[in-house]
Each structure stands twice: as structure tokens, then as C-alpha cells.
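Subject: Structure handover

Hi,

Here is the structure I promised to pass on. Please open it alongside this email; my notes follow below.

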Amino acid sequence: MAETPDPDDLLSLEEQIAAYQREFQDLDPQVEQVVSALSRLTRRMNVAYGRQSATLGISNSEWEVLKVLVLSGAPYRLGPGDLAKRLGLTPAAMTHRIDRMVNEGLVTRERDADNRVRVIVELTPDGREKWVEAMRQATVFEADLLQDLSSEERGALGEMLTRVLRRVEEDQPDADGRLTDLD
């Protein structure tokens with residue numbers, strides 16, 4: 001089944017901004033250009049990352065769990081509740097995701113030896129290898145994405161986007177209040 005295109009994608013960025021200005025005269029075209037370009041870029045990057053993950057036999061949602069476990073540091077272990085909180089998921093959704101990943105050999109789920117009530121989810125060697133390969137693929141994609149920018153331009157863009165991100169994190173935290181685990 002074909003994916004329904006986003007209405008914004010039917011128009012060029014310039015056409016979209018002109019249409020917005022026609023209907024809403026108070027629009028700042030510079031602000032709209034930045035916001036619309038970031039939105040389109042994010043969607044397209046997510047599609048590209050999804051395709052890359054699919055070549056590895058993992059979904060974007062599984063990639064997110066692998067990433068959180070790797071970012072937690074060796075030995076790459078967290079409780080399901082910690083994973084759910086960091087990913088902004090309900091415990092039930094996290095349990096479903098962990099079940100799939102255990103079946104695929106990406107993580108293990110064991111009782112904590114020190115606290116038999118607590119469950120620990122741990123990255124397997126196969127899960128770590130999938131994460132490493134996804135990172136290799138992403139690094140190539142991202143270098144290609146930014147190839148038209150000089151090192152100085154990439155640095156400046158990174159700094160500017162980080163300032164904008166901080167503003168959003170300060171002014172509009174997500175529903176769970178997560179601010180530090182969105183990298």
C-alpha cells in the first residue's frame with residue numbers, strides 16, 4: 001500500500017511559504033522557511049534511517065531501544081521501566097517491544113540477581129552489532145547529507161540548531177518532561 005504523501009510535499013518549499021503568506025499575512029517567511037525545511041528534512045531523514053534499519057532486520061523502534069541501552073554504558077543494561085521512561089513509552093508498549101527484541105536475539109530479559117522482583121534488559125552481542133552497523137550506515141548517510149557544507153558551516157549550523165533545540169527543551173518539554181535523552 002502506497003504511503004499517503006504529506007500535503008506540504010506536494011508543493012516546493014517556496015510555493016508552500018507563498019501559500020501560507022496568502023492565507024496568513026502575519027507569517028514571517030524567514031521563520032517559516034527554517035521551520036518548514038527542518039520539518040521536511042526530519043521526515044526524509046526518518047524515512048532514510050528506517051530504510052537503513054530495515055536492511056539490518058530491525059525497526060526504528062528497535063533501533064531506539066538499542067540506542068538507549070548503548071548510551072547507558074557498559075554493561076548496557078536497564079530495567080524496563082527505565083527504558084520506557086527514556087523512550088516516552090507506556091510500560092505495556094515497552095513490554096511488547098522487549099518481547100519482540102528478545103525473540104529476535106537483540107536483548108535478553110532476566111531477573112536481577114540482587115532483587116528477584118526487578119527485571120533487567122541487556123543488550124546482546126548481536127544487538128550491539130546491529131547498533132554498530134546502523135551507526136556505520138548512518139555516518140555515511142549523514143556525511144553525504146552535509147557534503148555541500150564546509151566544516152565551518154557545519155559547525156555554525158550545529159551551534160544554531162543546538163540553540164533552537166535548547167529553547168524548545170526549555171519552553172516545550174514533552175509530556176514526560178524528558179529533556180536530556182533525546183539525542
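Helix 3 and helix 5 pack at about 90 degrees, and their axes lie 11 Å apart. Those two numbers matter for a simple reason: two packed helices are described by the angle between their axes and the distance between the axes. An angle from 65 to 115 degrees counts as roughly perpendicular. Helix 3 and helix 5 are therefore roughly perpendicular to each other. On the helix 3 side, the contact is made by Ser 61, Glu 62, Val 65 and Leu 66. Helix 5 brings Met 94, Arg 97, Arg 100 and Met 101.

One caution before you go on: this is a predicted model.

Now helix 5 by itself. It covers residues 91-103, which is 13 residues. At 1.5 Å a residue, helix 5 should span 18 Å, and its end C-alpha atoms are 18 Å apart, so the two agree.

Which residues of helix 5 are buried? They are Met 94, Arg 97, Ile 98 and Met 101. These residues cover an arc of only 100 degrees around the axis, which puts them on the same side of helix 5. The spacing fits a general rule. An α-helix has 3.6 residues a turn, so residues three or four places apart point the same way.

What covers that buried set of helix 5? The cover includes helix 3 (60-71) and helix 4 (80-87). It also includes strand 2 (107-111) and strand 3 (119-123). The face turned away from the buried side of helix 5 carries Ala 92 and Asn 103, both exposed. Just after helix 5 comes Gly 105, with a positive phi of about 80 degrees.

Next, a residue elsewhere in the chain. Gln 52 lies in helix 2, residues 29-55. Is Gln 52 buried or exposed? Its relative accessibility is 17%, so Gln 52 counts as buried. Leaving out residues up to four places away in sequence, Gln 52 touches Gln 137, Ala 138 and Phe 141.

Last, the whole chain. The protein chain has seven helices and three strands. Along the sequence, the pattern reads α-α-α-β-α-α-β-β-α-α. Of its 183 residues, 25% count as buried. The chain exposes about 12400 Å², with carbon and sulfur atoms supplying 55% of that area. Among contacts with a separation of 6 or more, 49% come from residues 24 or more positions apart.

Over to you.

Best wishes

Definitions and conventions
Residues numbered from 1 in each chain as written. Predicted model: local features only at pLDDT ≥ 70, side-chain atom pairs only at ≥ 80, totals over all residues. Heavy atoms only, no water. Helix = DSSP H or I, 4+ residues; strand = E, 2+ residues; numbered from the N terminus. Buried < 20%, exposed > 50% of the residue type's maximum accessible area, 1.4 Å probe, protein only. Contact = heavy atoms within 4.5 Å. Areas by Shrake-Rupley, 256 points an atom, 1.4 Å probe, with all protein chains shown as cover. Expected span 1.5 Å × (residues − 1). Arc of directions from axis to C-beta. Axes fitted to C-alpha atoms, helices over the stretch in contact; angles between N-to-C directions. Parallel < 35°, antiparallel > 145°, perpendicular 65-115°, else oblique.
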